[in-house]
Amino acid sequence: MKNPKDSAAPRAARAKAAPAGLSQNLVYRQFADNPGKVLGYRQLSRRLGITTKDQRNELFDHLKVLRRVGQIELLQNDEYRLASPTDLQVAASAAKGRKTVSKAAPAVELLEGEFGQDPIVHRRRSAGFDHVGDGPDRRPSRDPNTIIGTVALATPRFAFVVREDGQGDDIRVFTDQLRYALDGDLVRVRLRGVRDGRVTGDVIEVLKRQRPEVVGRLQVQGSIGFVKPDNRKAYFDVMVPPQELGDSRNGDKVLVRIIEFPDHEGQGRNPVGTIIRNFGAAGQNEAEINAIMAEFGLPFEFPSAVEEEADAIPTTISKEEIAKRRDFRDILTFTIDPADAKDFDDALSLRTLENGHYEVGVHIADVTHYVRPGTELEREGKSRATSVYLVDRVIPMLPENLSNGLCSLRPNEDKLTFSAVFEIDEKGKVHESWFGKTVIHSDRRFSYEDAQARIETGEGDLAEEVNLLNRLAKQLSAARFRKGAISFETQEVKFKLGEDGKPLGVYVKERKDAHKLIEEFMLLANKGVAEYVFNKKKTKPRLTMVYRTHDAPDPDRLENFALFAQKFGHKLNLANPKKISTELNKLSEDVVGRPEQNVIQGLAIRSMAKATYTTEPLGHFGLAFAHYSHFTSPIRRYPDMMAHRLLEHYLEGGKNVPAEPVEEECKHSSAREKLAANAERASIKYKQVEYIGAHIGEQFKGVVSGLTERGIYVEIEANKCEGMVRISDIPGDTFELDKDNYRLVGRGSKRIIQFGDELQVIITAANLLDRTIDMELVDDRPEHVKQRERAEREAGRASRGGGYRGDKGGRGSSPRSGSGSSGRSDKGGKRRR
């Protein structure tokens with residue numbers, strides 16, 4: 001959040017310029033142009049471009065007057081809406097009657113929230129991550145009935161166009177009016193009107209195709225091939241002419257580049273493409289993982305110039321370089337990482353000071369000493385922006401010579417580091433901080449298991465030091481939660497893989513004290529660096545810095561979540577915004593061990609805002625930090641490299657750095673982080689399906705994790721694999737979805753199936769190509785009863801031409817995103833915060 005005393009705090013790059021004069025009419029028009037929409041104070045501030053304290057006070061004054069004269073009404077938590085029934089009716093009628101919508105009238109709000117009409121939604125988007133910069137493209141002149149935005153595919157039937165100007169709601173466009181635009185493409189849309197409460201439009205021009213490549217399975221018919229995309233939201237196949245097939249065969253998994261899009265008059269024809277990479281037979285491990293990499297645009301190798309630069313870096317450290325740095329080589333230092341880790345990018349040092357306090361050093365690999373601006377290494381690192389952790393491999397941000405060699409803090413080697421050093425007392429209070437370049441010599445490499453053994457038994461080498469750090473970490477953690485940190489965490493799914501890459505087992509990674517010890521000191525370093533830069537210059541503008549920010553939850557989404565939790569008997573009191581974190585933490589404790597635990601905790605996290613990178617010092621709600629950065633993982637996160645460079649620049653007395661180019665790099669890093677997370681989830685889902693495929697016909701205990709009109713999603717407790725039971729296959733009754741109460745209800749028996757219910761299921765199918773799992777409920781009724789019901793159902797299908805109500809989508813069970821992985825930690829428990 002902006003400091004309320006800071007009237008000229010930096011603004012987000014996409015914020016509008018503040019109006020010259022904030023009139024009462026201008027404020028009222030925000031409501032009149034959005035009949036029925038609830039607008040919060042912060043939404044109004046963004047829409048009106050408000051940045052200063054005087055403007056905020058002026059806005060509050062106008063809101064008070066509008067409330068007093070009865071034109072708007074206050075709901076709760078600084079949220080308002082149009083109050084006059086006459087105004088509301090006129091505004092709504094005008095919107096409904098228009099065949100086109102003017103630029104001044106933003107779209108009717110998309111009311112279907114994540115937990116609203118349908119609690120399972122497959123298309124939540126964040127415009128900030130998908131924003132396409134202006135670049136060199138020449139923009140067409142705007143007219144009142146068109147907008148420019150980015151395509152976000154939702155289903156094979158329609159997409160949403162996220163408005164580039166940020167004004168108004170997303171535009172729904174049916175796929176037959178998309179002009180073959182793909183996810184992420186920049187388009188111009190002509191607004192048509194309102195349908196089912198949502199503004200609709202047609203794409204009239206594709207301004208910029210982001211990535212005209214498709215990954216899918218090749219189907220050859222005669223001499224012509226068709227590529228069926230893996231992306232379940234895709235709405236067309238790509239035709240491959242005979243001359244473009246190469247050596248590819250029917251059933252291969254391929255990457256095809258579209259070389260010809262039909263014009264709009266050719267709607268219904270297939271785009272034409274050429275195969276640029278063949279991954280092998282679909283369904284094989286290497287083919288599918290490589291296809292996931294291609295689907296998300298992940299690189300397969302480093303360019304030769306990058307590898308050559310990395311190999312040419314000297315491996316020895318000169319005496320002159322050591323002389324410039326603070327020397328920690330004689331102070332006890334060690335690393336704690338996963339047992340299979342190869343890159344050790346952080347280490348802890350510990351010593352007792354004369355005053356009885358402890359000096360704890362957080363030492364981070366000095367990556368920017370080796371990766372210099374203007375080099376090929378720098379360009380490639382900036383482009384990749386993050387390492388990607390798929391189930392069976394890592395796609396590193398930097399070449400192995402750096403990540404596993406020069407910059408890896410291996411034991412018994414001198415290493416160059418950038419450090420945050422803290423003087424801490426026994427109660428965990430930080431008295432002094434120091435930041436600067438250092439040289440260290442790690443005395444010991446601990447795995448998490450090694451460190452945990454010393455915590456649990458108090459025995460082994462350095463057990464006393466490890467336990468001291470653990471006590472301090474617990475003090476730091478307790479202080480965070482007293483200040484309002486959120487304790488919700490998702491479970492991380494891990495696999496035991498055979499030599500051929502096939503999963504031999506699936507388990508949930510347990511976070512123990514050793515993981516939390518490291519995490520707390522990394523949080524302390526990230527927080528300390530951010531606070532140091534923020535406080536270094538007291539006047540405006542503040543020093544430019546890369547911050548990791550996490551906004552407070554959106555009130556609408558939080559309210560929807562509270563209503564959902566109430567169905568399970570859990571009450572959230574949202575009346576006091578300052579106590580939201582307390583309420584959420586209490587709920588987190590209440591659900592532990594209950595059937596709905598995973599569902600509640602997962603939806604709670606999804607109701608939160610997404611953490612992102614920016615130059616705005618907006619704070620981190622989830623961690624309860626006023627200022628927070630990412631400093632501790634420069635081997636695998638480019639924003640950490642940016643933070644290192646900025647901190648070094650300011651430590652050396654450098655002047656303020658322009659914010660705009662740093663902000664653009666922050667946006668790019670945020671987008672790459674989102675893409676990496678999606679790729680990681682896809683690889684996890686693939687391995688879960690592959691694993692469960694060896695257990696067809698077996699029975700498992702599961703928990704209802706989702707509901708749709710087609711069926712219920714069930715997550716198996718033992719391995720977190722999630723599949724679908726079709727509504728039409730639920731035995732004993734005909735069930736219908738009760739959306740308002742998040743449950744299924746049997747017509748005759750009135751049996752209720754709802755979120756969190758424990759069910760026994762049998763695995764009936766595992767489709768590797770679609771990454772779906774089909775299940776049936778265990779039916780313990782007498783065999784003759786089951787046979788009679790099956791006969792009645794078959795007769796019903798035949799008389800209706802096939803398919804029960806709610807079974808419109810065929811047998812495929814589209815898995816919900818993020819099954820068991822939305823909170824995936826970076827590298828063995830060092831979590832994305």
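How many disulfides does the structure hold?

1. The count comes to 0 disulfides. Keep in mind that this is a predicted model. Two cysteines are worth a look. C407 is buried because its relative accessibility is 2%, under the 20% limit. C721 counts as buried too, at 0% relative accessibility.

2. Next, look at H357. This residue lies in the loop between β16 (346–352) and β17 (358–365). Although H357 sits in a loop, it is buried, with a relative accessible area of 17%. The side chains of H357 and E423 are joined by a polar contact of 2.7 Å. Leaving aside neighbours within four places in sequence, H357 also touches R351, T352, I424, D425 and H431, among others.

3. Now the aromatic rings. The structure holds 14 aromatic pairs. One of them joins F418 and F631. This pair is edge-to-face, with 5.5 Å from centre to centre and 75° between the planes. F418 belongs to strand β20 (residues 414–424), while F631 lies in the loop between β26 (612–614) and α18 (638–651), so the pair ties together parts 213 residues apart in sequence. F418 is buried, with a relative accessible area of 0%. F631 is buried as well, at 0% relative accessibility.

4. The charged end of K437 sits over the ring of F418, 5.3 Å from its centre. Another such case is R542, whose charged end sits over the ring of F534, 4.1 Å from the ring centre.

5. Finally, find the ring cluster. F564, F568, Y742 and F755 are linked into a cluster by ring pairs.

How values were computed: Residues numbered from 1 in each chain as written. Predicted model: local features only at pLDDT ≥ 70, side-chain atom pairs only at ≥ 80, totals over all residues. Heavy atoms only, no water. Disulfide = S-S within 2.5 Å. Buried < 20%, exposed > 50% of the residue type's maximum accessible area, 1.4 Å probe, protein only. Helix = DSSP H or I, 4+ residues; strand = E, 2+ residues; numbered from the N terminus. Polar contact = N/O pair within 3.5 Å; in protein donor to acceptor, adjacent residues only side chain to side chain. Contact = heavy atoms within 4.5 Å. Phe/Tyr/Trp six-rings, centres within 6.5 Å; stacked < 30°, edge-to-face > 60°. Lys NZ or Arg CZ within 6 Å of the ring centre and 35° of its normal.
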